[in-house]
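Please read it alongside the sequence and coordinates shown here.

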Amino acid sequence: MARDLLKALFFSLGSFAAIGVSAQDVEQEADSDAPPALEERHVGSVGLTARINKIETFLNGIDTLKSTFVQIADDGTISRGVLSLDRPGRMRFEYSDGTPLLLVSDGDVLSFIDYDVGQVTRWPINDTPLALLVAKTVDLQSVNAMVNRLDVGGQAVYLVSVEDQEAAERGNLTLLIEERADESLFLRGWEVVDGQGAVTRIRLENPQLNPVLADSSLWRFKDPRKLPSQRRKRVR
């Protein structure tokens with residue numbers, strides 16, 4: 001499963017090259033009889049290690065983030081856009097390829113806007129798998145996170161998975177974090193599985209950490225229910 005996620009997120013040769021391994025290498029390793037180099041543990045099973053502390057420090061150091069992204073939907077559809085994130089609570093997925101969708105959190109409520117049908121669906125951001133990404137403080141132990149470590153081409157890749165066992169219908173989130181040669185960490189992307197089992201994968205491309213996001217309109221949207229149908233796809 002971890003290999004499937006890794007391959008899905010690095011679905012281009014260029015992405016594999018960034019961590020020093022080819023897509024063919026990963027495919028061959030995934031299909032071999034030998035098990036992958038994988039360590040799996042719950043954060044609280046032994047106590048926080050220096051590595052877990054490092055991951056938490058890295059995530060808590062992301063106050064804002066801006067990045068282009070590639071999204072792979074459950075049906076295999078690939079979409080592209082720009083992600084803006086401002087912790088705590090605020091994020092925006094704006095699609096740049098004509099996809100008539102928008103996902104915006106104003107700090108409290110996550111809104112999914114479909115401009116094609118003129119529909120808005122809302123959830124408390126803390127009741128969604130994305131809550132960890134925009135939490136005021138990331139505490140992996142408090143959310144009983146599971147951390148998998150893979151060695152790919154001599155480089156460590158961490159999969160950090162979070163699921164609310166008492167509310168499985170909310171779905172789960174798995175972050176993919178690379179550890180580079182200089183031991184710095186890099187957020188490559190994540191996978192979200194919703195309550196119905198649908199999988200959405202996001203791969204970040206050229207992320208900027210802690211840019212100034214002064215435009216407050218990023219956390220708002222034009223309500224399609226108040227727009228004539230011919231204007232919906234042009235106004236976001």
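Thr-128 has a relative accessibility of 12%, and because buried means under 20%, Thr-128 counts as buried. In this predicted model, Thr-128 sits in the loop between β7 (119-124) and β8 (146-152). Its C-alpha is 9.5 Å from that of Glu-169, with the two residues 41 apart in sequence.

Leu-110, a residue of strand β6, is also in the buried class, with a relative accessibility of 4%. The C-alpha atoms of Leu-110 and Asn-126 are 8.8 Å apart, and the sequence separation of this pair is 16 residues.

In soluble globular proteins, nonpolar side chains tend to be buried together. The largest nonpolar core here has 36 residues. Met-91, Phe-93, Leu-130, Leu-133, Leu-175, Ile-177 and Trp-190 have the most contacts inside this core. At least two core residues come from each of α4 (50-60), β2 (64-72), β3 (78-86), β4, β9, β10, β11 and β12.

Which residues of α4 are buried? They are Ile-52, Ile-55, Glu-56, Phe-58 and Leu-59. Because these residues cover an arc of only 160 degrees around the axis, they lie on the same side of α4. Ala-50 and Thr-57 are exposed on the other side of α4.

**Cavity and pockets**

Rolling a probe the size of a water molecule over the atoms shows where empty space is left. The structure holds 1 cavity of 30 Å³ or more.

| Space | Volume | Lining residues by class |
|---|---|---|
| Largest cavity | about 80 Å³ | 9 nonpolar, no polar, 1 charged |
| Largest pocket | about 730 Å³ | 15 nonpolar, 8 polar, 5 charged |
| Second largest pocket | about 420 Å³ | 10 nonpolar, 8 polar, 6 charged |

The largest cavity is lined by Leu-59, Ile-62, Leu-65, Leu-85, Arg-87, Leu-132, Leu-133, Val-138, Leu-175 and Leu-187.

The largest pocket has a volume of about 730 Å³. Its lining has 28 residues, and those closest to its centre are Leu-103, Trp-123, Val-192, Asp-194 and Thr-200. Strands β4 (90-95), β5 (101-106), β6 (109-114), β11 (185-193) and β12 (199-209) each supply at least two lining residues. Strand β12 gives the largest share of this lining, with 3 residues.

The second largest pocket has a volume of about 420 Å³. Of its 24 lining residues, Asn-126, Ala-131, Leu-132, Val-143 and Val-162 are the closest to its centre. Strands β9 (155-163) and β10 (172-179) each supply at least two residues of this lining.

**Backbone features**

Most residues other than glycine have a negative phi, and most peptide bonds are trans. Where in the chain is a cis peptide bond found? The bond from Arg-87 to Pro-88 is cis, and its omega is near 0 degrees.

Two asparagines have a positive phi. For Asn-206 the angle is near 55 degrees, and for Asn-210 it is about 60 degrees. Asn-206 is in strand β12 and counts as exposed, with a relative accessibility of 67%. Asn-210 follows in the segment after β12, where its relative accessibility of 38% makes it partly exposed.

Note on methods. Residues numbered from 1 in each chain as written. Predicted model: local features only at pLDDT ≥ 70, side-chain atom pairs only at ≥ 80, totals over all residues. Heavy atoms only, no water. 1 Å grid on protein atoms, 1.4 Å probe; cavity = no way out; pocket = protein on both sides within 12 Å on 5 of 7 lines; lining within 4 Å. Points joined across faces, edges and corners; volume = space filled by probe spheres on them. Nonpolar A, V, L, I, M, F, W, Y, C, P; charged D, E, K, R; others polar. Helix = DSSP H or I, 4+ residues; strand = E, 2+ residues; numbered from the N terminus. Core = buried A, V, L, I, M, F, W, Y, C linked by side-chain atoms within 4.5 Å. Buried < 20%, exposed > 50% of the residue type's maximum accessible area, 1.4 Å probe, protein only. Arc of directions from axis to C-beta.
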